[in-house]
Amino acid sequence: MCGIVGYIGKKEAWPVLIKGLERLEYRGYDSAGIALLREGAFSVYKKKGRVSELSKLVKNKNENELSGGVGIAHTRWATHGVPSDVNAHPHLSNGGDIVIVHNGIIENYLSIKKILISKGYKFKSDTDTEVLANLIEDVKNNAKVNIEEAVRLALTEVVGAYAIIVLSKDEPDTMVVAKVGSPAVIGVGKNEFFVASDATPIVEHTKKVIYLEDGEIATIKRNPKNKKLILKIKTIDNKVKNLYVHTLKTKINELEKGGFPHFMLKEIFDQPESLRNTIRGRIVLEKGNVKFGGLEKFKDELKRLNRLTIVGMGTARFTGLIGEYAFEELARIPTKVEYGSEFTYRDIAEPSHTGLIAISQSGETADTLNSIKKAKKEKMLTFGIVNVIGSSIAREVDAGIYNHVGPETAVASTKASSSQVLLQIMLAIYLGRMRGLSKAKGQEILKEIEKLPALVEIILKNAKQIEKIAKKYKNSDNFFFLGRKYNAGTAMEGALKLKECSYIHAEGCNSTELKHGPISLIEKSFPSLVIAPKDSLYEKNKSSIEEIKARGGPVIALTTFGNKELENIADDVIYIPETLEILTPILAFVPMQLLAYYISVERGNDVDKPRNLAKSVTVE
Ligand code: F6R
């Protein structure tokens with residue numbers, strides 16, 4: 001996720017753009033940049049770090065260097081290439097004719113890059129965006145078309161997701177915006193236009209907005225005769241579209257969180273998109289396999305691995321407990337899960353041919369980072385499943401896979417955690433396909449993986465029901481979260497989510513363990529959430545529910561749509577859609593996150609920043 005802003009009109013562009021970036025910083029903040037078009041040339045300023053760093057840089061410039069009414073800007077959350085001045089947007093084409101900002105991922109950028117290199121193009125950055133800038137320039141020069149048509153033709157060759165704003169120095173009164181899969185909003189002012197990833201940078205200037213649809217290209221162009229700016233929209237396949245202008249009613253602080261009252265809720269609701277971004281470009285269905293760019297050069301080592309150790313802390317480790325089942329079942333590799341902190345300080349019996357998988361959203365967790373250093377000393381092959389590109393863990397590991405879920409702002413991990421589970425299952429398929437997992441089995445799971453974003457959408461539609469349940473249980477002092485097999489880790493994650501946000505004591509436990517001690521805690525004020533999808537252990541989970549009910553404990557059962565029988569046993573039932581057993585944790589996470597969120601809000605807590613916690617724990 002990145003933020004893009006554009007302005008064309010009578011105001012000085014740069015203050016509008018910088019202010020716009022500040023409003024979009026929640027979408028990404030590892031580097032920022034601005035391009036101004038003045039007197040037939042671009043001035044481009046870029047800076048690693050937050051928008052404030054760019055702002056300082058720009059404010060130190062001579063006013064003459066900045067004046068002008070056309071510009072574009074970007075705040076970045078790295079997807080290709082580490083955060084740096086060079087990789088920051090905007091990106092110029094080789095000839096300096098085109099400048100572009102982009103939010104999204106161009107999946108086929110490497111093949112386009114190869115062709116452009118063969119034509120003599122040179123690249124300064126590692127980004128997919130610089131490839132797009134040069135592709136547009138190449139099309140413009142060869143087809144001898146204007147910038148609007150060059151963008152359109154170039155996009156017919158592009159696969160992926162994008163919201164882009166493009167300027168050409170040869171057409172200084174034109175701005176082109178296009179979108180597929182990433183958001184773009186156009187603000188309509190009085191002979192001025194604003195473009196942004198969402199309406200937050202726009203609302204203080206105008207309430208009139210146009211939401212660009214997927215596959216649309218908007219061109220804003222000045223009529224040379226009357227100097228009026230005109231907006232036209234067409235599709236990438238060249239059909240003219242009507243303009244629908246909406247009037248904004250929302251307030252700025254609501255917009256920043258996408259209309260949600262808290263980042264945590266926004267990030268829970270981001271999950272259909274964040275899962276889509278985790279999957280994007282990685283599934284090769286015809287081969288029943290998965291493609292991870294970062295693992296390609298390690299194929300031989302990966303084939304030789306005969307053990308895996310997963311390390312992580314908190315939520316990341318709990319997702320590892322789910323991954324453990326997937327690696328053993330699909331890849332047939334003996335796997336164990338450890339706290340990064342414990343791994344660092346103990347003797348490792350068999351390091352050879354053991355791979356270390358470090359899971360971390362922030363990529364900065366000291367306990368996990370230190371375990372990688374230790375593993376490297378032991379000559380183990382180390383991998384990362386990391387969200388923040390260019391973070392310490394991403395740089396320390398031998399090979400890595402990025403989550404691509406965008407910045408996670410709320411302290412409690414939500415969209416990163418579902419992506420962590422999904423990536424481990426995809427990695428298990430990848431390692432499994434090297435070790436005898438059949439193509440058909442790979443295909444079966446991958447087909448179901450592709451459905452997950454839509455299934456999460458179904459769960460989110462029932463959020464109101466979970467809010468009701470939250471109101472009922474908000475005054476509890478204790479809570480059990482119970483599950484088995486894949487969902488034992490899910491139960492632990494559910495308990496952590498509830499305890500860290502609501503301050504209710506919550507324990508996650510394998511439901512099979514209940515009768516070996518914990519059940520003595522059960523009484524009428526001690527509720528349990530039992531994860532009981534219709535899977536291979538459903539009957540066992542049902543027995544656990546009956547055991548708890550027999551001792552007077554309230555039960556919230558989480559089961560599969562259509563399985564009505566638990567309504568007669570449990571006090572409340574939450575449904576998730578049917579999927580493969582191995583994928584149920586990803587769906588079960590969502591209602592548990594919602595429950596933790598709503599209970600915490602009911603208790604008046606600061607859900608985005610629970611007490612005593614920090615988003616990344618960079619000390620041991
Ligand atoms: C809980 C939570 C933490 C983190 C843990 C590791 O909601 O967010 O338990 O999962 O601190 O953080 P990362 O993933 O950044 O290494």
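Because the model is predicted, local features need pLDDT of at least 70 and side-chain atom pairs count only at pLDDT 80 or more, whereas totals for chains, interfaces and linings use all residues. Residues are numbered from 1 along each chain as its sequence is written, and side-chain values use heavy atoms, with hydrogens and water left out.

**Overall form**

The protein contains 20 helices and 27 strands; these are DSSP runs numbered from the N terminus, with helices (H or I) of at least four residues and strands (E) of at least two. The radius of gyration is 26 Å, close to the 25 Å that the globule rule gives for 620 residues, so the protein is as compact as a globular protein of that length. That radius is taken over C-alpha atoms, and the globule rule is 2.2 Å times the number of residues to the power 0.38. The C-alpha trace spans about 85 × 55 × 45 Å along the principal axes.

Of the 620 residues, 61% count as buried; buried means under 20% relative accessible area, exposed over 50%, and partly exposed in between (1.4 Å probe, protein chains only). Among contacts with a separation of 6 or more, 71% join residues 24 or more positions apart, a contact being heavy atoms within 4.5 Å. The protein exposes about 24,200 Å², of which carbon and sulfur atoms supply 50%; accessible areas come from the Shrake-Rupley method with a 1.4 Å probe, and for residues only the protein chains shown count as cover.

**Nonpolar cores**

In soluble globular proteins, nonpolar side chains tend to be buried together. A nonpolar core is here a set of buried Ala, Val, Leu, Ile, Met, Phe, Trp, Tyr and Cys residues joined through side-chain atoms within 4.5 Å. The largest such core has 117 residues, and Ile34, Ile425, Ile449 and Phe479 have the most contacts inside it. Helix 20 (residues 584-602) contributes the largest share of this core, 12 residues. Apart from it lies another core of 27 residues, including Tyr109, Ala133, Ile136 and Val176.

Leaving aside neighbours within four places in sequence, Phe479 is in contact with residues including Tyr473, Leu498, Phe526, Ile556 and Ile599.

**Residues in loops**

| Residue | Relative accessibility | Class |
|---|---|---|
| Thr579 | 16% | buried |
| Thr512 | 27% | partly exposed |
| Asn238 | 38% | partly exposed |
| Tyr503 | 25% | partly exposed |

Thr579 lies in the loop between strand 27 (572-576) and helix 20. Not counting residues up to four places away in sequence, Thr579 touches Glu448, Leu452, Leu455, Thr584 and Leu587. Thr512 belongs to the loop between strand 24 (505-510) and strand 25 (528-531). Although Thr512 and Lys540 are 28 residues apart in sequence, their C-alpha atoms are 8.0 Å apart in space.

Asn238, in the loop between strand 13 (229-235) and strand 14 (240-241), has a positive phi of about 75 degrees although it is not a glycine. Tyr503, in the loop between helix 18 (486-502) and strand 24, likewise has a positive phi, near 70 degrees, and is a residue other than glycine.

Pro90 lies in the loop between strand 4 (70-76) and strand 5 (91-92). The peptide bond from His89 to Pro90 is cis, with omega near 0 degrees.
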